[in-house]
Amino acid sequence: MSEVNKNAANEQEETEKDFPETETVNEPTEESPEATAGQDAQAEETAQAEDDKETKSKTSFFGKKKKDNKLEQQVEELTDRLKRSMAEFDNFRKRTEKEKSSMYVIGAKDIIEKMLPVVDNFERGLAQAPEGDPFADGMQKIYKQLITTMEGMGVEPIEAVGKEFNPDFHNAVMHVEDESVGENIIVEELQKGYTYKGFVVRHSMVKVAN
């Protein structure tokens, strides 16, 4: 190589050293409208999905609460109906027991009332029987057995002689003037009356002093 060429090469190297290398700068690229629109649409879809999810959650919460309130109302209605049915059944049971008891008392009173004439005839016959008669003694024992059985059933004679007249138990068929006793006092019993468990089966026929 000639001297002239060497000098030219050295000058070129010195010149390159004086100017530093330039760095490459990446300029921001402007996105196209189509790409921007796609990103906005995707963001809107994401936001809408979040809103739908939140709305669904709220709807589910209030729907469950409304359903629970409906179930509670149904439970209250069924409980009220059950209480009413139990009260009606209890009233029916009490009414039935009362009717059965009344029917039993009415039936027993009817039977006892039909037996009382037999008791009356026993008493009349024993009143006329002579003392010491074995047959009369036997009838007396049968009469006592009958009276004891009736008392065990709840049949009791009504007290009359010496008692004040009471229209609930006595039937006055005669009145007499008797100053030895007080006014409205029973002086004689013409037919004995009876009660059955507190109910009058037959009133006593009595004579009352005025």
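Two strands count as paired if DSSP finds at least two bridges between them, and the strands themselves are DSSP runs of E with at least two residues, numbered from the N terminus. With that in hand, let's walk through this model, which is predicted: local features need pLDDT of at least 70, side-chain atom pairs count only at pLDDT 80 or more, and totals for chains, interfaces and linings use all residues. Residues are numbered from 1 along each chain as its sequence is written, and side-chain values use heavy atoms, with hydrogens and water left out.

Let's begin with the sheet of mixed pairing. Its 3 strands form an open sheet in the order β2-β6-β3. At the edges lie β2 (170–176) and β3 (186–191), each pairing on one side only. From one strand to the next, the twist averages 30°; the angles here run from 0 to 180 degrees between N-to-C directions, with axes fitted as lines to C-alpha atoms. Look next at β3 and β6 (residues 204–209), which pair in the antiparallel sense over 4 bridges. Here you can find Glu189 opposite Val206 in β6.

Now turn to the antiparallel sheet. Again 3 strands form an open sheet, this time in the order β1-β4-β5. The edge strands are β1 (155–157) and β5 (199–202), and each of them pairs on one side only. On average, neighbouring strands of this sheet are turned by 35° against each other, direction ignored. For a closer look, follow β1 to β4 (residues 194–196): the two pair in the antiparallel sense over 3 bridges. Val155 stands opposite Tyr196 in β4.
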